[in-house]
Amino acid sequence: MVILGLTGSIGMGKSTAAGMFRYLGVPVHDADASVHRLMAPGGAAFNPIISTFPDVLKNGRIDRQILGTIVFADSDALKRLEAILHPLVRKEENRFLKHNRLAQRLLVVLDIPLLFETAGEKRCDHVSVVSAPQFIQRQRVMARSGMTDAKFSAILAKQMPDREKRRKADFIIPTGLGRAVTFATIRTIVDQLENRT
Ligand SMILES: CC(C)(COP(=O)(O)OP(=O)(O)OC[C@H]1O[C@@H](n2cnc3c(N)ncnc32)[C@H](O)[C@@H]1O)[C@@H](O)C(=O)NCCC(=O)NCCS
Ligand SMILES: Nc1ncnc2c1ncn2[C@@H]1O[C@H](COP(=O)(O)OP(=O)(O)OP(=O)(O)O)[C@@H](O)[C@H]1O
């Protein structure tokens, strides 16, 4: 089974690319979705996060926007949050890999926002990076509710720069040239990796 990592900086189009891999029948493990599940009431990270960051509890749920404002302005707080979440995400990822190995899948994708930042490339056979020009990235991110220039800059400062990600990638998936180009690139990657014996 070939493991392809999928990553990219904020707003570069990772989720859209992941959807295209799925459309082509490739199982995708979405680390972000895993974080959402773990943080929901009843999820394994819910209680540890509430104990560490009591202010984020709103109407019985974790308010992600408040949590984001806290951790993106304070790197120690972000480290504490990551220490809770990353091992749990890793457990879910291992379950996904085991399941797909047993099902004898040829190719699976690990969609991990912080793949290089957490040395996740070591667990992948190849890595693909979604990338678009900076002005497009900024337009996409600033269109989101609750986003400010300061928050965007703080998040970018915590991520490996796009050009460095591109340098490390085996495959670059352009997302600023229209969806058709993105899809054609992904189809070529899937064909290439699934035909490998
Ligand atoms: C802080 C949280 C609650 C904010 O949630 P919110 O819904 O407001 O934003 P979202 O998750 O979409 O993140 C916004 C952007 O921040 C970036 N980002 C998220 N976590 C991190 C991090 N630990 N370090 C650097 N950038 C990050 C992502 O690229 C994303 O595009 C959430 O990002 C989170 O739980 N982060 C920690 C878990 C983590 O490390 N996730 C990423 C890899 S699994
Ligand atoms: N290939 C593409 N072509 C055109 N527009 C795209 C493409 N990919 C994504 N977009 C647009 O860019 C925005 C961000 O896309 P998406 O949610 O996939 O990014 P992301 O990288 O998963 O974001 P984040 O990491 O910040 O959660 C969306 O508005 C989406 O419509």
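The model is predicted, so local features need pLDDT of at least 70 and side-chain atom pairs count only at pLDDT 80 or more, while totals for chains, interfaces and linings use all residues. Residues are numbered from 1 along each chain as its sequence is written, with chains lettered from A and ligands numbered from 1 in the order in which they are written.

Let me begin with ligand 1, which is surrounded by 19 residues, the closest being Ile10, Ala31, Arg64, Gly68 and Lys158; a residue counts here if its C-beta atom, placed from the backbone, lies within 6 Å of the molecule. Ligand 1 lies between domain 1 (1–27 + 108–192) and domain 2 (34–104), because both give residues to its shell, the bounds coming from an automatic or database domain assignment. At least two residues of that shell come from each of α2 (31–39), α4 (64–71) and α5 (75–102), helices being DSSP runs of H or I, at least four residues, numbered from the N terminus.

Two of these helices, α2 and α5, also meet: the contact is made by Ala31, Ser34, Val35 and Leu38 of α2 and Leu85, Leu88, Val89 and Glu92 of α5, where contact requires C-beta atoms, placed from the backbone, within 7 Å.

Turning to ligand 2, we find 14 residues around it, with Gly13, Lys14, Ser15, Thr16 and Thr182 the closest. Both α1 (14–23) and α9 (179–194) supply at least two residues of this shell, and the largest share, three residues, comes from α1.

Definitions and conventions:
Two residues are in contact if their C-beta atoms, placed from the backbone, lie within 7 Å.
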